[in-house]
Structures are given as C-alpha cells and as structure tokens.
Amino acid sequence: MTNEDTAIIDESALLAGYRKGSDEAGARLMERYWSPIYRFCLSYLSDDALAEDVAQETFTKLASTDEPPSGDLKPWLYKVARNRCLDILRRHERSPTFNRPFRTGFDAAGKTAGPSTRVANHERQELLREIISAMPEEYRSVLMLKHIEGLSRLQIAETLGVSEPTVKGRLVRASEYLREELRKVSGIQP
Amino acid sequence: MSCDMSRERLWTWVQGEDDDASSRAEIAAHVEVCPSCKSELAEMRDILGDLESVVAVPAKAAPSIPDHIGDYRVVRRIGHGGMGVVYEAEQSEPRRNVALKVILGGQHVSELQIRYFQREVQTLARLNHPAIAAIYDAGRTEDGNHFFAMELVRGASLMDYASPLGIRERLMLFRKVCEGISYAHQRGVLHRDIKPSNILVVDDASAENRSSFTLPFTSSATRAGQPKILDFGVARIMEEDAASPTIHTESGRLMGTLPYMSPEQAAGHPDQIDVRSDVYALGVVLYELLTGSLPYDVRSASLLSAVKIICEQQPVGPRAVNSDVPGDVSTIVLKALAKEPERRYQSAAALADDIERYLSGQAIHARPASTTYQLRKLVARHKAVSALAAMLLLSVLGGGIGMMIHANRIAEEARKSQRLSAVISTLYESADPWKTGRTDMSVLEALDLKSKELASELEDDPLVAAAVRNTIGNLYKGLTKLEPAELHLQYALETRRKLLGDDHADTAESMNDLGELRYEQARLEEAETLWRQALAVRRSRLGDESAAAAETLNNLGNLLRRKGDLDEAQEDLEEAIRIRRRLHAEAQTNPHANARQRNKARNDVAQSLNNLAGLLRSRKSPDALAQAERHYREALRIREETLGSQHPEVGKMHNNLGKLLQDRGDYAGAEQSFQSALQILRGQQGIGQNHQFVARLLHSYAEVKLAMNDPAAARALCEEALDMRRRLLGDTHPETIESMKLLESITGAVAHNRR
C-alpha cells in the first residue's frame with residue numbers, strides 16, 4: 001500500500017466523520033484543504049470575503065451533498081469551488097478571462113537580488129500578472145492546478161472534467177501562450 | 001529553433017509530463033549539447049518559476065468557528081458581509097436550527113453599527129410574513145459582540161432560483177417579494193437595501209422537510225417558490241426617525257448597494273427616501289430578474305459618475321435587452337424605475353397589483369411614457385434640441401426670421417421650465433390656420449428651414465427624431481403642405497415601426513397621423529388600413545375608452561361615411577361621442593385637469609358631433625336631418641363657448657349648420673348661418689380670400705340665394721366662388737366646374753326673371 005493510498009483511506013474516514021458531524025474530522029480536513037481552496041478561489045474572485053465564502057460553501061457542500069466524492073477528495077473540492085467561482089463571475093458579468101487585477105499576496109521584490117535586478121524582476125512579474133489576468137480560463141486553470149496547487153494530471157483531468165491527454169495538450173498550449181504573450185508585451189528575451 | 005526538438009516536447013518534459021522514460025532521457029541528453037534548446041529551456045524554467053511566485057498566495061487558515069454563541073451551538077459558518085458573520089446554529093429550546101448573525105469586531109464596532117444592529121432587531125421583530133425571514137432572539141456574545149437569531153432560510157438566491165424559470169414564473173415569484181415589502185411598508189418599515197442577494201427562495205413544498213442548509217450550487221426545475229427577504233440591517237423605522245434627527249444625518253451617507261439605489265438615495269437625500277425608494281430598488285431587481293443585467297452598469301464607475309448615471313440616465317427598456325419580455329412588463333419595470341418618485345408606483349402593493357393584472361390578462365395601469373414626456377426628458381439632455389425647438393416656435397409665432405435673435409433667451413426659458421413638450425404642441429396649434437387664422441408663408445419657410453436642421457440634429461437619437469418629425473409632419477399637414485407632411489410622417493412611422501414595433505402607442509400615433517394625411521390625399525384605402533391598425537393598437541395599449549382610441553374611431557367613422565358605409569360609420573362616430581363625453585365629464589371633475597385640457601375634451605365632443613351630424617345629413621330622412629340639426633347646434637354652442645365667437649372653427653360650424661338648413665329648405669336660417677360664417681372667415685388672415693373652404697361656403701350661399709329667388713346676389717356670390725376656385729384649384733377641378741355650372745343656372749335664372 002502506497003502512502004497515497006493510505007492518505008485516501010485516511011481521507012475517506014475523515015470525510016465520513018465530517019459528514020456525520022465530527023468536529024475533529026472537520027478540523028483535520030479543513031487544516032489540509034481550506035487554505036488551498038481559499039487561495040484557488042481568491043485567484044478567480046480577487047475578493048477576500050467572497051473567496052472565503054466560496055471556500056466555506058465548498059466544505060459545507062461536502063458535508064451535505066447527496067453525492068459525496070467516493071475517491072480522491074482534492075479534485076472534487078477544486079471542481080466544486082471552480083464551478084462556483086465561474087458561476088459568481090458569470091452572474092457579476094465579470095469576464096471569465098479575468099480582466100481585472102490579478103489578486104495575490106506576492107511581494108514583487110526578490111529576496112536576494114540587488115536593486116536593479118529587483119526593478120527588472122518587478123516589471124517582468126507585473127507583466128506576467130497582467131498576462132495571467134487576461135488569459136483564457138481554460139489555460140489559467142490548468143496552470144494554476146498544476147504549478148500552484150500541485151495536482152497530478154489525473155486530478156486536474158477530474159477537476160476540469162476532461163481527459164488526461166487534453167490536460168497534457170492544454171498545459172503545453174497554456175505555457176506557450178504565456179511565453180508568446182510575455183515576448184509580445186515586453187520584448188524580453190530571457 | 002535550429003534543431004529538430006519541438007518546443008511542445010520541451011514544455012512537456014520541463015513540466016514533468018513526459019510519460020515515456022526513453023523520451024525523457026533523450027531530451028535530457030539533447031539539451032546538454034544543444035545551445036538553442038538549452039536557452040529555450042532556461043526561458044521556460046524562468047517563466048514557470050515566475051508563475052509560481054506571481055500566483056502564490058500566503059496560506060490562510062480557515063476562520064475559527066466558536067463552539068457556542070449565547071445558548072446556541074454553532075454548527076457552521078454560512079457567510080459574512082459588511083456587518084458581520086452569519087452562522088448556522090442549534091437552539092435547544094425550542095429545538096430548531098437558526099441563523100445567527102454576529103457583528104464582527106466585538107466591542108470595537110462603531111456606535112453607528114450597533115445602532116443599525118439594534119434597529120434591525122427591533123424592525124424584524126415586528127414583522128411576521130412568509131416572505132420575510134423572522135427574527136427570534138437577540139443578545140451579546142461572551143466577548144461583547146452583538147448577535148441575533150433569525151429564521152434559517154434553506155434556499156437559493158433569487159437569481160439562482162429563477163434561472164430555469166420562464167418570464168411568467170419569475171413574475172409570480174417577484175410578486176411575492178413585493179407582497180413582503182408591502183407588508184413591511186404597511187407597518188412603517190422600509191427595507192432600503194433591496195437587492196437579489198438579500199432575497200432567498202425556498203421550495204414551498206419541501207422547505208420544512210430538509211435537514212441541511214441548501215446552498216445555491218444548483219438550480220431546481222420549474223417550481224413554486226417562497227421568497228424570503230433578508231437583512232433589514234439598514235432599514236429604519238419611519239416613526240422613530242421622525243424623532244431622531246441624528247439618524248437623518250448619519251444615514252445621509254450612502255447605504256445599501258449602489259446599483260439598486262434610487263436616485264434620491266444615491267444622491268444622499270435621506271429625507272426624500274420613502275416607500276417609493278424601495279419600489280425603485282424592486283424595479284432594479286425585476287429588471288435584473290428579467291434580463292440578467294442591470295439597468296445601468298455602475299460597478300466600474302466612480303462614485304460620483306455612478307450617482308450621476310443613476311440620477312440622469314434613462315434605462316434601456318428590458319424588452320430591448322431581452323425580447324422575450326412582454327411590452328407591458330417592460331412598461332411596468334420602467335414605471336418602477338422612474339427617476340421622479342411621483343412617476344413611480346406609489347407603493348410596492350401597486351407594483352404587485354400591476355404585475356397581477358398582467359398575469360391575469362387585464363390591462364395594466366402603467367402607461368408607456370408619453371412622447372412629450374420622453375421628449376422633455378431627452379431635450380433636457382440635448383440642449384441644442386431645446387434651442388432649435390424654441391427657434392422653431394419663434395419662427396412660427398413671430399412669422400419672421402428677425403425674431404430669432406431672441407432665441408437664446410427663449411431657449412433658456414424653455415430649458416428652465418422644461419416645457420418643451422408644451423412648446424412642441426403649441427407649435428402644432430400655432431401653425432394650424434384653423435386654430436389661429438393664419439397661413440403665413442414665413443411659417444412655412446421657417447418650418448422648411450428648421451425641420452431640416454432638427455432632423456439632422458437628431459440623427460443619433462432616432463426615436464426623438466421620430467417624435468419631432470411626427471409633430472413637424474402634422475404641422476405641414478395643418479398647413480395643407482401634403483408633400484413635406486408625407487415625408488416627415490412616413491419617416492416617423494417607419495422609424496417607430498422599426499424600433500418600437502407595430503404594437504406600440506407611439507407607432508399607433510404615427511399610423512393615425514399618416515392616416516389623416518392619406519385621407520386628405522383621398523387615398524382612402526390606405527387611410528382605412530392605417531386607422532384600423534392604429535385603433536387596434538390604441539385600444540389594446542391605451543384602453544378601449546382612451547382619448548386616442550376615440551380620436552381614431554372618429555377618423556374612421558368619417559372615412560366610412562365618405563365611402564358610403566353609413567351604418568358602420570354611424571356606429572363608430574356614436575362610440576367616439578360616447579367616449580369623448582365620458583372623458584369630458586371626467587376632465588370636468590378632475591381637480592388636476594387645467595382649463596386647456598377641459599376645453600380640449602369638450603371640443604373633441606363637438607368634433608365628433610359635427611361629424612355625426614354630417615353623416616345624418618347624408619341620410620336625408622326628415623328624422624335624420626332633425627337629429628343632425630340638434631348635433632350641429634350643440635357643436636356650435638360648444639365651439640363658441642370654448643373658442644370664442646370669432647374663431648374659424650366657429651365659422652366652419654355656422655357653415656355646416658347653414659348647409660343642413662339649406663337641405664331642410666329653411667333658406668332664411670341657412671342665409672343667417674352662411675352670413676355668420678362669412679363674417680368670421682373673411683376676417684381671418686390667410687383664410688378669408690384664399691381658401692378652398694371659403695369658396696365652398698360662397699358657392700352654397702349662392703345656391704341658397706338662388707333658391708330664395710335672388711339671382712343677382714347669387715350671381716355675385718357664385719362669381720366670387722368661381723374666381724377663388726379657379727385660382728386655387730384650376731379650371732378643370734370638379735369644384736370649379738360645379739361653380740361654372742351654378743353660374744350658368746344663375747345666369748339662366750336672371751334671364752328668366754328679366755323675361
């Protein structure tokens with residue numbers, strides 16, 4: 001039995017406990033997933049309170065749904081959170097390509113670089129932030145789930161409801177899009 | 001890339017997505033020796049590295065949830081807003097789950113927030129209605145936070161719930177919201193923050209049986225829902241406010257959510273906020289419910305420009321956004337959204353009532369804003385139009401271009417008093433020779449000049465252009481300049497048809513007016529088609545008993561009479577008279593009607609009486625002629641009383657009565673009437689010597705004199721008629737020939753007398 005399998009069994013037990021009202025099980029699940037789900041929602045909504053609410057709703061739904069996840073919990077949580085975020089954005093007529101300032105907690109200055117490098121890095125990261133803000137959601141979701149949330153290809157496929165080859169192809173296209181846009185807007189030749 | 005390695009393979013490899021071990025080894029070996037790929041790879045790694053640092057968000061723990069608040073065991077957090085956090089909690093006695101609303105920040109909350117909170121408690125405690133979430137309890141937490149327990153609403157947000165519903169079901173749902181708000185209004189409670197997120201909907205049947213909180217993730221299929229209005233947090237109790245001036249001051253700040261704010265609320269006038277402010281917010285909610293969008297997009301606007309938009313911009317009709325929205329429903333929404341509170345529904349109950357009327361197939365009370373009202377609103381925004389209209393008026397009234405130097409002053413006056421609608425309608429009356437007794441060519445010249453300018457000025461606003469050109473067309477029609485009249489009236493009708501559809505009161509107005517032109521042009525079939533269409537639309541949009549429907553009925557009756565269909569014509573005219581008598585009686589007793597409106601209502605009766613009398617005259621039977629005489633005499637009396645004894649319309653009535661008396665063989669009576677008519681009409685500038693009508697009058701008078709065996713007088717009258725007809729109509733016109741023949745008879749009679 002691999003560690004991953006153990007984690008899933010562990011999760012299944014936690015989930016069962018959580019759905020029966022166990023505070024301890026709920027606390028352990030929250031400890032594990034609340035922060036990533038909140039962060040994921042924040043990247044969509046750029047609004048702390050709203051992101052918190054959607055994260056909360058996602059866990060509430062986990063407790064009350066008639067169709068709880070039977071296997072891996074992670075894709076289920078991301079899928080529910082993403083759908084809800086997209087729903088909110090649609091309702092608010094916000095562009096699904098995120099034409100708004102991309103909200104992160106990132107401090108643009110590098111930790112060790114000197115002043116001039118910091119400026120260059122800062123500009124480049126600002127550009128990148130703008131490109132990500134304007135990126136089609138299907139590219140952005142796959143990059144987020146892969147590189148920020150650390151999901152496997154299978155988990156991403158389950159989250160997005162597509163096949164693994166689709167995820168693989170989309171990752172390449174999204175990365176290429178990022179590279180092309182970065183070149184286009186900055187002329188930077190790394 | 002100078003080598004064969006594709007960037008796709010490199011991206012896949014660098015992101016750890018290459019599943020083939022030999023491929024991975026191949027790429028790893030290749031990039032070691034290929035400078036180009038090495039460089040590509042470095043760029044890719046930089047990008048991915050940056051991506052992680054740009055998107056990374058510091059970890060944040062889940063908000064802690066207290067075990068208990070007061071005597072309640074907290075189950076989970078439901079959400080939070082500006083005022084506090086909301087939890088689902090269990091109450092032990094009575095055993096039930098409740099929503100607990102806690103003001104965040106403990107003892108540090110402002111006094112204002114606490115006052116709001118306490119007010120919310122007091123307010124909600126007084127309300128007990130199925131559409132309002134009930135309050136159970138209030139208190140303070142251990143750390144000094146205020147909380148209250150309220151009905152836990154197991155429902156979806158209004159918009160989520162409504163998404164699978166049709167227009168009709170949405171209206172039924174919305175009507176229940178209005179009922180809840182109306183109930184609160186009747187108890188002196190305003191909501192002041194009505195918006196979709198403050199309205200949840202529960203399934204009627206299943207609400208009580210479900211044990212868990214239902215989140216708005218999914219929308220149910222079509223069903224009956226019970227809305228629950230939440231968050232009376234900013235509502236005020238009106239009678240309390242009256243005794244609390246400080247609250248007035250504090251509530252002057254912008255509360256609630258901007259897109260749903262009434263103009264008076266957005267402009268920060270708390271003293272002007274009343275039930276009609278909630279009616280406005282309901283209008284915005286209904287707009288959003290029907291179209292999926294807001295009447296104005298103020299979300300990205302600055303506060304100042306948002307307030308300006310809310311206070312000044314006219315919303316696009318919901319029907320223009322979603323063509324599934326019926327015209328009547330669009331009218332209802334726009335009435336609720338009127339800028340001025342007095343033009344809105346005066347209560348949520350009145351709004352609910354009109355929706356109910358629509359749902360049950362009855363005529364709604366709301367009316368589309370009239371053309372003149374829309375004109376006034378639009379002109380207030382397009383000052384240039386106002387100036388042009390004032391100049392047009394001046395040209396018409398003053399009859400000279402020289403007077404235009406005062407245009408600015410007049411325009412300023414017009415702007416100040418927002419009376420352009422009156423200006424435009426006065427224009428019409430001013431230019432109609434039958435109303436003023438003047439046919440001044442300078443009026444025509446000014447009209448020709450200004451109508452072109454107006455038309456081009458209004459190019460970007462086709463509906464206003466249509467309204468103005470409809471008026472101008474009528475002006476030309478009144479001046480018997482049928483060609484330009486046709487141009488403007490046709491434009492107005494086509495534009496309105498295209499933008500408003502056939503089934504609209506303004507389109508019907510243009511149909512009616514173009515019909516009048518066709519009638520003048522003796523294109524009777526076209527006139528009949530237009531009038532029948534106009535009548536149907538006016539009846540359905542404005543009511544069977546409306547003044548507009550009576551106007552078209554009157555026209556149609558006249559036309560049918562001319563076609564010889566006397567029975568239907570008589571029916572229509574009698575119906576028009578009945579409606580107009582009723583409208584006149586209403587105007588007499590309506591304290592808001594002014595003298596002009598009362599006179600107009602009375603003159604409308606006279607017009608239809610005159611037409612019916614004309615019809616009865618053509619029936620020729622003694623009874624019909626006797627009836628006709630009564631109608632003529634009543635019409636004459638009305639005209640004299642309302643217009644004065646020297647008005648050209650009175651002259652016309654004398655003439656008509658004279659013709660009838662001539663038919664009845666009462667030549668002395670006829671002569672008296674013709675003389676009165678001539679005396680009035682000869683005194684009218686532009687009519688007396690130069691009008692087809694006067695020629696007809698002279699011709700008839702000549703006939704009477706001949707019948708009275710006074711061929712000399714008859715001859716003088718007939719020669720004058722013939723001379724006028726030759727000049728106006730030419731030698732070959734039937735009326736000219738008619739006078740020639742009469743002159744022959746008179747000459748014959750003179751010869752006979754001599755013999």
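What percentage of the 190 residues of chain A count as buried? The figure is 37%. Buried means that 20 or more other C-beta atoms lie within 10 Å of a residue's own, with C-beta atoms placed from the backbone; 12 or fewer is exposed, and in between is partly exposed.

Some ground rules. This is a predicted model: local features need pLDDT of at least 70, side-chain atom pairs count only at pLDDT 80 or more, and totals for chains, interfaces and linings use all residues. Residues are numbered from 1 along each chain as its sequence is written, while chains are lettered from A and ligands numbered from 1 in the order in which they are written.

Back to chain A. It has eight helices and zero strands. Helices (H or I, at least four residues) and strands (E, at least two) are DSSP runs, numbered from the N terminus. Now contacts: two residues touch in this sense if their C-beta atoms, placed from the backbone, lie within 7 Å. Take the contacts in chain A between residues at least 6 apart in sequence: 61% join residues at least 24 apart.

Next, the cores of the model. A nonpolar core is a set of buried Ala, Val, Leu, Ile, Met, Phe, Trp, Tyr and Cys residues joined through C-beta atoms within 7 Å. The largest has 80 residues. Leu100(B), Leu282(B) and Leu286(B) are among those with the most contacts inside it. Helix H10 (residues 275-291) of chain B gives the largest share, 11 residues. Why does this core lie between domain 2 (68-151) and domain 3 (156-366) of chain B? Because both domains give residues to it. Those bounds come from an automatic or database domain assignment. Leave aside neighbours within four places in sequence, and Leu286(B) contacts Phe174(B), Val333(B) and Ala336(B). Another core, of 77 residues, lies apart from this one, and Ile472(B) is among its members.

Now helix H21 (residues 462-478) of chain B. It has 17 residues. First C-alpha to last, H21(B) reaches 24 Å, close to the 24 Å expected; the expected span is 1.5 Å times one less than the number of residues. Of its 17 residues, 15 are buried, so H21(B) is largely enclosed by the rest of the structure. Thr480(B) follows, with a positive phi near 55°.

Last, strands. S8 (residues 199-203) of chain B has four of its five residues buried, so it too is largely enclosed. S8(B) runs antiparallel to S7 (residues 156-157) of chain B, with two bridges. Pairing needs at least two bridges found by DSSP. Five bridges join S8(B) to S9 (residues 225-229) of chain B, also antiparallel. There, Ile199(B) stands opposite Ile229(B).
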